[in-house]
Amino acid sequence: MEISVFTVDAFTNLPFKGNPAAVCPLLHELSDDLYQKIATEMNLAETAFITKINPSDNFTTAVSDNCGVKNLFDSGMCLTGSRFRLRWFTPTNEVNLCGHATLASAAVLFQSKKNENSVLVFETRSGDLAVTQQGERYIMDFPLNPPAQEDPNDFKDIIKAAVGNHPIQDVYLCSNTKKLMVRLADSCDRSVLTSLKVDPVALQSSERSGRVKGLILTMKGSPDCQPGYDFYSRYFSPWNGIPEDPVTGSAHTVLGSYWSKKLGKKKLLAYQCSRRGGELELEVREDGRINIAGHAVFVLQGTITL
């Protein structure tokens, strides 16, 4: 048995930047054990698995030479379905929400599978997630996850492991996503954030209560300097087998809520300053959702033999 696999760099318009995700479009569901083995083999932050929901609503009946690559869901046919099931696995476990692998999955369906719809909907552990293609960008409709302010003393060990003696300004926790957000003081330069050497083993050892599964480090941006980033961030999740995630859509469901309130803005431009780096366009909506937009670049296509 062979299945298609794509590697797509998300939140970038350049190859080998942004966040790489493996995407496997499937004719039918596989076992959870097999999903995990494939994700472990791919060894990227996330591997996404897309499956059809309604087999009779996915392909046109006519075969066209313009439908693109073969060895897809069905050979030589244009994809017409608008709803799919989507699951995400890290090298160690399944996760409830992943932004970059959702963007990458949409890019595979729109570009490689030549989907005829302008909007796709993924059924996920976090509910229905819609993705719209707009030119070369993809706009994801995600839940907003507001964090609550916490006493830094309650998280002093993890803060110490992450930022050492650098001054911090805020500590917030999103209990829904188990993401802890630590804001560096405004007196810190961006170089402080980018130069931090966070030991994933020490980080994981510093927090074993189960309250935290991901750490966001953030700081105010430079909106007056081009391209005008409103804030910067980095994200670490050794609890999920991810020492540092290059660009994290799910973290921005928390960051978008926080910075929108702090800056008094609904539209934000964010940069995650990992080694690979990536740019995210955010729009906090009145209905408790957030639009997260970015680009995607295909870097690999192949097959996995099972």
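The structure holds 0 disulfides, a disulfide being a pair of cysteine sulfur atoms within 2.5 Å. The closest cysteine sulfur to that of Cys24 belongs to Cys98 and lies 13 Å away, too far for a bond. For Cys273 the closest partner is Cys188, whose sulfur is 12 Å away, again too far for a bond. Cys24 is buried at 0% relative accessibility, and Cys273 is buried at 5%; buried means under 20% relative accessible area, exposed over 50% and partly exposed in between, with a 1.4 Å probe and protein chains only.

The model is predicted, so local features need pLDDT of at least 70 and side-chain atom pairs count only at pLDDT 80 or more, while totals for chains, interfaces and linings use all residues. Residues are numbered from 1 along each chain as its sequence is written, and side-chain values use heavy atoms, with hydrogens and water left out.

Turning to the rings, a search of the whole structure finds 11 aromatic pairs. Rings of Phe, Tyr and Trp (its six-membered ring) pair if their centres lie within 6.5 Å, and planes under 30 degrees apart count as stacked, over 60 as edge-to-face and the rest as tilted. Tyr35 and Phe49 form a tilted pair, with ring centres 4.3 Å apart and planes at 40°. This pair links distant parts of the chain, since Tyr35 sits in helix 1 (residues 32-42) and Phe49 in strand 3 (residues 47-52), 14 residues apart. Helices (H or I, at least four residues) and strands (E, at least two) are DSSP runs, numbered from the N terminus. Both Tyr35 and Phe49 are buried. Tyr35 also forms a tilted pair with Phe89, at 5.5 Å centre to centre and 40° between the planes. Because Phe89 lies in strand 4 (residues 83-89) and Tyr35 in helix 1, this pair ties together parts that are 54 residues apart in sequence. Phe89 is buried, with a relative accessible area of 4%.

Strand 4 also holds Arg87, which is buried with a relative accessible area of 17%. Its side chain makes a polar contact with the side chain of Asp32 at 2.9 Å; a polar contact is a pair of N or O atoms within 3.5 Å where, within protein, one must be able to donate a hydrogen and the other to accept it, and residues adjacent in sequence count only if both atoms are side-chain atoms. Beyond its neighbours within four places in sequence, Arg87 is in contact (heavy atoms within 4.5 Å) with residues including Tyr35 and Phe49.

The largest nonpolar core has 50 residues, and those with the most contacts inside it are Phe11, Trp88, Phe122, Leu282 and Ile292. Such a core is a set of buried Ala, Val, Leu, Ile, Met, Phe, Trp, Tyr and Cys residues joined through side-chain atoms within 4.5 Å. Helix 2 (residues 99-112) gives the most to this core, with 8 residues. Apart from it lies another core, of 27 residues, among them Val171, Leu180, Leu269 and Cys273.

Asn291 is buried, with a relative accessible area of 17%, and its side chain makes a polar contact with that of Arg285 at 2.7 Å.
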